[in-house]
Amino acid sequence: MNRLSPVRYITVHHDGMHPFFDTDQRATAARIEAIRRAHRLRGWGDIGYHYVVDRAGRVWEGRSLRYQGAHVKNHNYANIGIVALGNFDRQQPSQAQLASMRQLVSLLMDRYHVPASQVSTHQEWAPTACPGRYRQQFMNTTRRQGRLG
Ligand SMILES: [Zn+2]
């Protein structure tokens with residue numbers, strides 16, 4: 001895996017699998033492991049995302065920030081990937097999930113001096129349904145309000 005640094009972008013995703021509502025740690029760990037396994041089967045070094053936000057709002061470490069992620073084809077350079085568990089074309093993100101993502105994004109923006117113009121969703125990079133229509137709507141609304149995440 002290549003080194004991540006520098007950090008210039010932050011990109012938000014959903015996992016896009018079947019809807020997921022569990023908040024307990026065991027079910028959550030199993031969901032994350034399914035994603036990691038699918039990414040390893042593509043020949044990648046580890047799960048493609050740097051952070052995973054679960055339905056209870058917990059933040060899990062994915063791929064170490066030392067390494068470049070694998071989450072936006074041809075745009076992984078200097079790009080931190082955050083995935084929220086669930087399919088936001090078919091379910092709403094939980095309030096806890098949205099609150100945690102907002103906190104995580106703003107912490108990473110501060111730490112790495114990433115401007116708001118470089119915080120995106122997956123579909124703003126490339127044609128894809130990710131991060132789902134409900135999550136995209138939320139991003140559009142918070143941007144209009146001058147907030148992010
Ligand atoms: Zn995505």
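Reader: How exposed is Tyr9, as relative accessible area?

Author: Tyr9 is partly exposed, with a relative accessible area of 24%. Keep in mind that this is a predicted model.

Reader: How many aromatic pairs does the structure hold?

Author: One. Tyr9 and Trp125 form the pair, with ring centres 5.2 Å apart. Their planes stand at 80°, so the pair is edge-to-face.

Reader: Which parts of the chain does that pair link?

Author: Distant ones: Tyr9 sits in strand β1, and Trp125 in the loop between β5 and α3 (133-144). The two are 116 residues apart.

Reader: And Trp125, what's its relative accessibility?

Author: Trp125 comes out at 24%, which counts as partly exposed.

Reader: Let's do the sheet. What's the strand order?

Author: The order is β3-β2-β4-β1-β5. The sheet is open, has five strands and shows mixed pairing.

Reader: Which are the edge strands?

Author: β3 (59-61) and β5 (119-121). Each of them pairs on one side only.

Reader: By how much are neighbouring strands turned against each other?

Author: By 25° on average, direction ignored.

Reader: Which helix packs on the sheet?

Author: Helix α2, residues 95-112. Helix α2 touches β1, β2, β3, β4 (79-84) and β5. Its direction makes about 170° with that of β4.

Reader: How many bridges join β1 to β4?

Author: Six, and the two strands run parallel. Ile10 has Ile80 as its bridge partner in β4.

Reader: What is the bridge partner of Ile10 in β5?

Author: Val119. Strand β1 (residues 9-14) and β5 are joined by three bridges and run parallel.

Reader: How many bridges join β2 to β4?

Author: Three, again with the strands parallel. Val52 has Val83 as its bridge partner in β4.

Reader: How many residues of β4 are buried?

Author: Six of its six, so β4 is mostly covered. Asn79, Gly81 and Val83 point one way, while Ile80, Ile82 and Ala84 point the other way.

Reader: What does Asn79 touch?

Author: Leaving out residues up to four places away in sequence, Asn79 touches Leu4, Tyr9, Ile10, Thr11, His50, His71, Val72 and Trp125. Both members of the aromatic pair, Tyr9 and Trp125, are among those contacts.

Reader: How far apart are Asn79 and Pro6 in space?

Author: 8.5 Å, C-alpha to C-alpha. In sequence Asn79 and Pro6 are 73 residues apart.

Reader: Switching to charges. How many salt bridges does the structure hold?

Author: Four. One of them joins Asp15 and Arg31, with the closest N and O atoms 2.8 Å apart.

Reader: What does that pair of Asp15 and Arg31 tie together?

Author: Asp15 lies in the loop between β1 and α1, and Arg31 in helix α1, so the pair ties together parts that are 16 residues apart in sequence.

Reader: Are Asp15 and Arg31 buried or exposed?

Author: Both are buried.

Reader: Which residue forms a salt bridge with Arg36?

Author: Glu33, with the closest N and O atoms 2.9 Å apart. Both lie in helix α1, three residues apart, about one turn of the helix. Arg36 is partly exposed, with a relative accessible area of 28%. Glu33 is partly exposed too, at 29%.

Reader: And Arg58, what salt bridge does it form?

Author: Arg58 forms one with Asp54, the closest N and O atoms being 2.7 Å apart. Asp54 is buried, at 0% relative accessibility. Arg58 is partly exposed, with a relative accessible area of 28%.

Reader: One more. Where is Asp46 found?

Author: In the loop between α1 (25-41) and β2 (51-53). Asp46 is buried yet has no salt bridge.

Reader: Why does Asp46 have no salt bridge?

Author: The nearest side chain of opposite charge, Arg36, is 4.4 Å away. A salt bridge needs a nitrogen within 4 Å of a carboxyl oxygen, so Asp46 has none.

Reader: What is Asp46 in contact with?

Author: Leaving aside neighbours within four places in sequence, Asp46 is in contact with Met1, Arg36, His39, Arg40, Gly62 and Arg63. Arg36, on that list, has its salt bridge with Glu33.

Note on methods. Residues numbered from 1 in each chain as written. Predicted model: local features only at pLDDT ≥ 70, side-chain atom pairs only at ≥ 80, totals over all residues. Heavy atoms only, no water. Helix = DSSP H or I, 4+ residues; strand = E, 2+ residues; numbered from the N terminus. Buried < 20%, exposed > 50% of the residue type's maximum accessible area, 1.4 Å probe, protein only. Lys, Arg positive; Asp, Glu negative; His and termini not counted. Contact = heavy atoms within 4.5 Å. Pairing = 2+ DSSP bridges. Axes fitted to C-alpha atoms, helices over the stretch in contact; angles between N-to-C directions. Phe/Tyr/Trp six-rings, centres within 6.5 Å; stacked < 30°, edge-to-face > 60°.
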